[in-house]
Amino acid sequence: MKSSSGTLLSRRGFCLCCVGGAAFAATSGWLTPREAFAEARGLVSLIKDSAAVSPIVTHGLRNNISVLEGSGGNIAVLTGPDGKVLIDAGIGVSRPQITKALADLGADPVTHLINTHWHFDHADGNDWLHSAGAKIIAQENTRKHLSGIQRVEDWDYNFLPLPSGGIPSEVFAAEHHLKLNSASIGLKYYGPAHTDSDISVTFAEANIVHVGDTFWNGIYPFIDYSTGGSIDGMIAASDVNLAVTTNETIIIPGHGKPVSNKAELKEFRDRLVAIRDNVATLKKQGRSRDEAVAAKPTAAFDAKWGQFVIDPGFFTRLVYEGV
Ligand SMILES: [Zn+2]
């Protein structure tokens, strides 16, 4: 268990979203609820332990915007005289490495933090960033999920509320706009997609958009049905992302290679649609979930996309749940 997860964790970051996949991959079958609970608790600890020692890699983009890779989801940073603006917070135990990476981008303090959605690997660092001076902004469902005990059914796991400082102080329902460091920053709610709290964050002049966990670049995504996510929501969000980007847009995915583009996004969307169709056909034929997995409806894509912790069987089960 430990060695398998350790390999996965050390290979390419880690996230809350991957807990279910790692538990599944390590045991070659679904855990009983009680086992899943124990494993998930162990894996959350493992994720935190790994984040504590993982390096942060900084990718410079353009218009004073960078992306930090290595603590849960990809973190975007805009620098300037209004202070640093962060998109997502990573995992709290990465604070020393993130602090150093931020200092390397300039001396301005962090003044704003935007959460793309409520998941631990994007919001666990909220509390320390708030204490460092960040005002936290998010969609209203993110505040709701971070404010109470949040159950993720697939893992039989209850996440505790964040400390009060980590709760977003400014929320919106559909859209929100900011002007900071001469950048026009647009926050837009997708509606239910990967969860029920996902937003995109667009830097208009730079033509850069952080699309959160509606896009996993080159890997199968997690979908959180317990807080409103679905395969159809993921496809709808991908269509929105394609509609608002051009071939020149830099697209920052929630997970996977952090500097992406429309061609890779299109490939992701087309694969979601193809696999959804395959799984829906099997379900319509009356196949059970395990029979659908055994039919390998993702086989054509597994060599490239099944190499991360959301493995083909786990992803098939997530799609099956929503068709
Ligand atoms: Zn997520």
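This is a predicted model: local features need pLDDT of at least 70, side-chain atom pairs count only at pLDDT 80 or more; totals for chains, interfaces and linings use all residues.
1. Overall make-up. The protein has 323 residues, of which 57% count as buried, and its secondary structure comes to twelve helices and 16 strands. The accessible surface is about 12,500 Å², and 53% of that surface belongs to carbon and sulfur atoms.

2. A residue to look up, N141. This residue is placed in helix α7, which covers residues 140–147. Is N141 buried or exposed? Its relative accessibility is 15%, and because buried means under 20%, N141 counts as buried. Once its neighbours within four places in sequence are left aside, N141 is in contact with Y189, D196 and S197. The C-alpha atom of N141 is also separated by 9.3 Å from that of T227, although the two residues are 86 residues apart along the chain.

3. Helices α8 and α9. Helix α8 spans residues 231–243 and helix α9 spans residues 262–284, and their axes come within 10 Å and cross at roughly 150 degrees. Angles over 145 degrees count as roughly antiparallel, and α8 and α9 are therefore roughly antiparallel to each other. Their crossing is left-handed. On the α8 side the residues that meet α9 include I231, M234, I235 and L242, while on the α9 side those that meet α8 include L265, F268, L272 and V273. The residues of this contact of α8 with α9 divide into eight nonpolar, two polar and six charged, and D232 and D239 of α8 and K262 and R269 of α9 are also among the residues that meet.

4. Helices α9 and α12. Helix α12 covers residues 312–320, and the axes of α9 and α12 come within 9 Å and cross at roughly 70 degrees. Since angles of 65 to 115 degrees count as roughly perpendicular, α9 and α12 are therefore roughly perpendicular to each other. The contact is made by L272, I275, R276, V279 and K283 of α9, together with F315, T316, V319 and Y320 of α12. These residues divide into six nonpolar, one polar and two charged.

Terms used
Residues are numbered from 1 along each chain as its sequence is written. Side-chain values use heavy atoms; hydrogens and water are left out. Axes are lines fitted to C-alpha atoms, for helices over the stretch in contact, and angles run from 0 to 180 degrees between N-to-C directions. Helices (H or I, at least four residues) and strands (E, at least two) are DSSP runs, numbered from the N terminus. Angles under 35 degrees count as roughly parallel, over 145 as roughly antiparallel, 65 to 115 as roughly perpendicular and the rest as oblique. A crossing is left-handed if the near helix is turned anticlockwise from the far one by less than a right angle, and right-handed if clockwise. Contact means heavy atoms within 4.5 Å. Ala, Val, Leu, Ile, Met, Phe, Trp, Tyr, Cys and Pro count as nonpolar, Asp, Glu, Lys and Arg as charged, and the others, Gly among them, as polar. Buried means under 20% relative accessible area, exposed over 50%, partly exposed in between (1.4 Å probe, protein chains only). Accessible areas come from the Shrake-Rupley method with a 1.4 Å probe; for residues, only the protein chains shown count as cover.
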